[in-house]
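Here are some notes for a colleague who is opening this entry for the first time. Please read them with the structure in view.

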Amino acid sequence: MTAVTLRNIWKEYGDNVVLERIDLDVEPHSFVALVGPSGCGKSTLLRMLMSAEVPTRGEILIEGEPLPADPTAERGVVFQRYSVFPHLTVEENVLLGLELQTSRLSCKLFGGAKRTAMDQARSMLEEVGLGHALKQYPSALSGGMQQRLAIAQALIMRPKVLLLDEPFGALDPGIRAEIHVLMRRLWQETKMTVFMVTHDLSEAFHLGTRVIALEKDRTRPEELERYGAVIKHDLDVWPPKLSDLEAHETVDSEATDDI
Ligand SMILES: Nc1ncnc2c1ncn2[C@@H]1O[C@H](COP(=O)(O)OP(=O)(O)OP(=O)(O)O)[C@@H](O)[C@H]1O
Ligand SMILES: [Mg+2]
């Protein structure tokens, strides 16, 4: 249950202004879907949220505190591809985070600590439907299974904030629908705050509680470099705003009155 605040965030690479004036107050347990044209800065925004990039201006707060300067376990990440380690088995991929966290020097756990970590890893893998594939290597998994593994790898660290960069973009529609169900369930169970970049508007509205569209306002080629993308639309999808519901009720009752 984590609130995230962005205050007047700008990101520039040299002369290229990518994002400008990004102000956002994200409530705990939101599922924010970020959409917008290619190159508008969606991934850049996610990278700033994971501390892989620093804003040129502005500040990002997590639960009211400034964002840590380096990536931390409380912010999990899943990319479209290559989130998992190809030379580790399914089980080892998920165990690694726990090993690194508890035993930074040797990256190995022993005895009871190891057994506890393995139990945790296995139940996480059961949870995402990979309980039968513990000893397999990622190359033997389908795209959907690899993304389930990437999700398990991120969630085993119990992140407060999960950052997803087109996580389901490379999956077939059927597999995508299945993984949507899984993602929604995990989001509900864990109460994480999620930011998901997607090119798929129906995915954004299906999973998101809030859909944010980034876009550059100016279109002339000479202006594109000088101005960054801004928040063009910010839509509450769920729960519906009380004011919206009241508006509907008024319309409904007017409609009934007419009959
Ligand atoms: N490390 C970097 N150095 C310089 N420019 C960068 C860097 N990273 C991103 N950019 C530029 O920032 C802009 C936004 O890139 P970003 O990857 O955030 O876009 P995006 O919205 O995620 O696009 P896509 O939908 O294609 O993934 C692009 O113009 C890109 O060239
Ligand atoms: Mg991107």
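1. The axes of helix α2 (residues 90-102) and α4 come within 8 Å and cross at roughly 25°, where axes are lines fitted to C-alpha atoms, for helices over the stretch in contact, and angles run from 0 to 180 degrees between N-to-C directions. Helices (H or I, at least four residues) and strands (E, at least two) are DSSP runs, numbered from the N terminus. The two helices α2 and α4 are therefore roughly parallel, since angles under 35 degrees count as roughly parallel, over 145 as roughly antiparallel, 65 to 115 as roughly perpendicular and the rest as oblique. The crossing of α2 and α4 is right-handed; a crossing is left-handed if the near helix is turned anticlockwise from the far one by less than a right angle, and right-handed if clockwise.

2. On provenance, this is a predicted model in which local features need pLDDT of at least 70 and side-chain atom pairs count only at pLDDT 80 or more, while totals for chains, interfaces and linings use all residues. Residues are numbered from 1 along each chain as written, chains are lettered from A and ligands numbered from 1 in written order, and side-chain values use heavy atoms, leaving out hydrogens and water.

3. Helix α4 (residues 143-155) also packs with helix α5 (residues 173-190), at an angle of about 15° and with their axes 10 Å apart. That makes α4 roughly parallel to α5, and the crossing of this pair is right-handed.

4. With helix α3 (residues 111-127), α2 packs at an angle of about 125°, their axes being 9 Å apart. That makes α2 oblique to α3, and α2 passes α3 in a right-handed crossing.

5. Turning to the ligand, 14 residues surround ligand 1, and the closest are Ser 38, Gly 39, Lys 42, Ser 43 and Thr 44; a residue is counted here if one of its heavy atoms lies within 4 Å. The largest share of this shell, four residues, comes from α1.

6. Which polar side-chain atom lies 2.8 Å from an oxygen atom of ligand 1? That atom belongs to Ser 43, while a polar backbone atom of Cys 40 is 3.2 Å from an oxygen atom of the ligand. Taken alone, ligand 1 exposes 640 Å², of which the protein buries 61%, with accessible areas from the Shrake-Rupley method with a 1.4 Å probe.

Terms used: A polar contact is a pair of N or O atoms within 3.5 Å; within protein, one must be able to donate a hydrogen and the other to accept it, and residues adjacent in sequence count only if both atoms are side-chain atoms.
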